[in-house]
Amino acid sequence: FMPYAIMNIRGDNMILLLGGATHCGKTKLAQKLLETYHIPYYSIDHIKMGLIRAHISDICVEDDKALTSYLWPIMKEIILTAIENNQHFIIEGCYIPFDWQKDFTEEERKKIHYCCLIFSKSYIEQHQKEIFQYANCIEQRKEEALDIDALIKDNLNHLQSCKQYHLPYILIDNTYAIDIENNFAFLKQK
């Protein structure tokens, strides 16, 4: 109830798309932003698992490319509905395409912010244990082997794609410290 009341007294609506590779802390950051700014978030993973468990989709949970193609049109319409209803929220997940801007008008894009969390190669190599240790801090994952080489490759791809599409990102290099006040000051204004 409280976030809804706060959202209604704010000005123009705002959507934050929070992307990044697996295990980079998107859900933890979304939870922290919820607690700080009282803006609710949606995890694309929840929508993915709902569709898979309800047998609406038979896409493999590991097929990120197919999942992005399948889930993004749904997320896009959720975002447009929120914009139409002057609502604020955060969408976090791996399934936000880097060319997401093409799906919105210039006016709609003014109401959408994007940020990608990216681990540097050295961070991954030096903090493997911590990355795996914090994997379940918000959501309970099934036991999985963390493929460090794949994680490095995925984060490098995210970095290259953010640069290619001129998207903002936070590079986590030496320590995992995200300055919410400075990186997400626009949320305070809403």
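What follows is a walk through this structure, from the whole chain down to a few individual residues. The model is a predicted one, in which local features need pLDDT of at least 70 and side-chain atom pairs count only at pLDDT 80 or more, while totals for chains, interfaces and linings use all residues. Residues are numbered from 1 along each chain as its sequence is written, and side-chain values use heavy atoms, with hydrogens and water left out.

Let us begin with the chain as a whole. It has 10 helices and five strands; these are DSSP runs, with helices (H or I) of at least four residues and strands (E) of at least two, numbered from the N terminus. Of the 190 residues in the chain, 42% are buried, where buried means under 20% relative accessible area, exposed means over 50%, and partly exposed lies in between (1.4 Å probe, protein chains only). The chain exposes about 10800 Å², and carbon and sulfur atoms supply 51% of that area; accessible areas come from the Shrake-Rupley method with a 1.4 Å probe, and for residues only the protein chains shown count as cover. Among contacts with a separation of 6 or more, 78% join residues 24 or more positions apart, a contact being heavy atoms within 4.5 Å.

Now turn to a pair of helices. Two packed helices are described by the angle between their axes and the distance between the axes. Helix α3 (residues 44–53) packs against helix α4 (residues 64–84) at an angle of about 115°, with the axes 11 Å apart. Here the axes are lines fitted to C-alpha atoms, for helices over the stretch in contact, and angles run from 0 to 180 degrees between N-to-C directions. That angle makes α3 roughly perpendicular to α4, since angles of 65 to 115 degrees count as roughly perpendicular, those under 35 as roughly parallel, those over 145 as roughly antiparallel, and the rest as oblique. From α3 the contact is made by I44, I47, K48, L51 and I52, and from α4 by L67, Y70, L71, I74, M75 and I78. These residues divide into 10 nonpolar, no polar and one charged; Ala, Val, Leu, Ile, Met, Phe, Trp, Tyr, Cys and Pro count as nonpolar, Asp, Glu, Lys and Arg as charged, and the others, Gly among them, as polar.

Next, visit helix α2, which holds both T27 and A30. A30 is buried, with a relative accessible area of 0%. Leaving aside residues up to four places away in sequence, A30 touches L18, Y41, I90 and E92. A30 and P40 are 10 residues apart in sequence, and their C-alpha atoms are 8.3 Å apart. T27 also counts as buried, at 13% relative accessibility.

Most residues other than glycine have a negative phi. H38, in the loop between α2 (26–37) and β2 (41–43), has a positive phi near 60°. H38 is partly exposed, at 32% relative accessibility. N86, in the loop between α4 and β3 (89–92), also has a positive phi, near 55°. N86 is partly exposed, with a relative accessible area of 34%.

Our last stop is T175, in the loop between β5 (169–172) and α9 (180–183). T175 is exposed, with a relative accessible area of 55%. F119 is 56 residues from T175 in sequence, and the two are 9.9 Å apart in space, C-alpha to C-alpha.
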